[in-house]
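Work through the exercises below with the sequence and the model open. Each task is followed by a solution in steps.

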Amino acid sequence: MFILGFDSDDYTIFGKTLMFWRDIEADTGHCAPLTMFPGTRDYKKMHATSRLIPGIPWKYMDMFSVTYQPKLMSPRELQEGLFWVMKKFYNIRYLIKNIRKEKVFAVRVYLYAKITLWKAKAHMKRHLREYNL
């Protein structure tokens, strides 16, 4: 799992993450935004510096939705960048490569990832629109 959106991350992190993911020839993986859950030290820090997006309900504390203002990019850039990395990793070449290697589990993950990305895209658009990000 790759967690993106740390204070040192800018828009270049997406391409770097994708290249690394491919370089290590991982069969599966996931990208998630840094998520501050209520009651944690990071949540308190973000709250104290007014970087949490006001009014975000628990349903968006899902390790997919951006719930704070990153330092070096907008919440929208982070959200769309995460989606871009996942979409680029789980592409048709990934599927063909794993079919050739007879990696049944990886093929199942590909199908699951495609369905999840399809559902997540609608969720992401709703989240971005609802909080005007």
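The exercises concern a predicted model and go from the overall fold to single residues.

**Exercise 1. Overall layout**

Task: State how many helices and strands the protein has, and give the order of its elements.

Solution. Step 1: the protein has 5 helices and 2 strands. Step 2: reading from the N terminus, the order is β-α-β-α-α-α-α. Step 3: the C-alpha trace spans about 50 × 25 × 25 Å along its principal axes. Step 4: of the 133 residues, 42% are buried. Step 5: among contacts with a separation of 6 or more, 67% are between residues 24 or more positions apart. Step 6: the protein exposes about 8,200 Å², and carbon and sulfur atoms supply 60% of that area.

**Exercise 2. Aromatic pairs**

Task: Find how many aromatic pairs the structure holds, and describe the pair formed by phenylalanine 2 and phenylalanine 20 and the pair formed by tryptophan 21 and tyrosine 90.

Solution. Step 1: there are 6 aromatic pairs in the structure. Step 2: the rings of phenylalanine 2 and phenylalanine 20 are 6.1 Å apart, centre to centre, with 90 degrees between the planes, and the pair is edge-to-face. Step 3: phenylalanine 2 is in strand 1 (residues 2-4) and phenylalanine 20 is in helix 1 (residues 13-23), 18 residues apart. Step 4: phenylalanine 20 counts as partly exposed because its relative accessibility is 45%. Step 5: tryptophan 21 and tyrosine 90 also form an edge-to-face pair, at 6.0 Å centre to centre and 85 degrees between the planes. Step 6: tryptophan 21 belongs to helix 1 and tyrosine 90 to the loop between helix 3 and helix 4 (92-100), 69 residues apart. Step 7: tryptophan 21 is buried at 0% relative accessibility, and tyrosine 90 is buried at 1%. Step 8: ring pairs join Phe2, Phe20, Trp21, Phe89 and Tyr90 into a cluster.

**Exercise 3. A loop methionine**

Task: Determine whether methionine 36 is buried or exposed, and name its contacts beyond its neighbours within four places in sequence.

Solution. Step 1: methionine 36 sits in the loop between strand 2 (31-33) and helix 2 (41-48). Step 2: methionine 36 counts as buried because its relative accessibility is 1%. Step 3: its contacts beyond those neighbours are Asp42, Tyr43, Met46, Leu52, Met61 and Tyr68. Step 4: methionine 36 and threonine 67 are 31 residues apart in sequence, with their C-alpha atoms 7.7 Å apart.

**Exercise 4. Positive phi**

Task: Locate glutamate 25 and serine 50, and give the phi of glutamate 25 and of serine 50.

Solution. Step 1: most residues other than glycine have a negative phi. Step 2: glutamate 25, in the loop between helix 1 and strand 2, has a positive phi near 55 degrees. Step 3: serine 50, in the loop between helix 2 and helix 3, has a positive phi of about 55 degrees. Step 4: glutamate 25 counts as exposed at 54% relative accessibility, and serine 50 counts as exposed at 64%.

Definitions and conventions:
Residues are numbered from 1 along each chain as its sequence is written. This is a predicted model: local features need pLDDT of at least 70, side-chain atom pairs count only at pLDDT 80 or more; totals for chains, interfaces and linings use all residues. Side-chain values use heavy atoms; hydrogens and water are left out. Rings of Phe, Tyr and Trp (its six-membered ring) pair if their centres lie within 6.5 Å; planes under 30 degrees apart count as stacked, over 60 as edge-to-face and the rest as tilted. Helices (H or I, at least four residues) and strands (E, at least two) are DSSP runs, numbered from the N terminus. Buried means under 20% relative accessible area, exposed over 50%, partly exposed in between (1.4 Å probe, protein chains only). Contact means heavy atoms within 4.5 Å. Accessible areas come from the Shrake-Rupley method with a 1.4 Å probe; for residues, only the protein chains shown count as cover.
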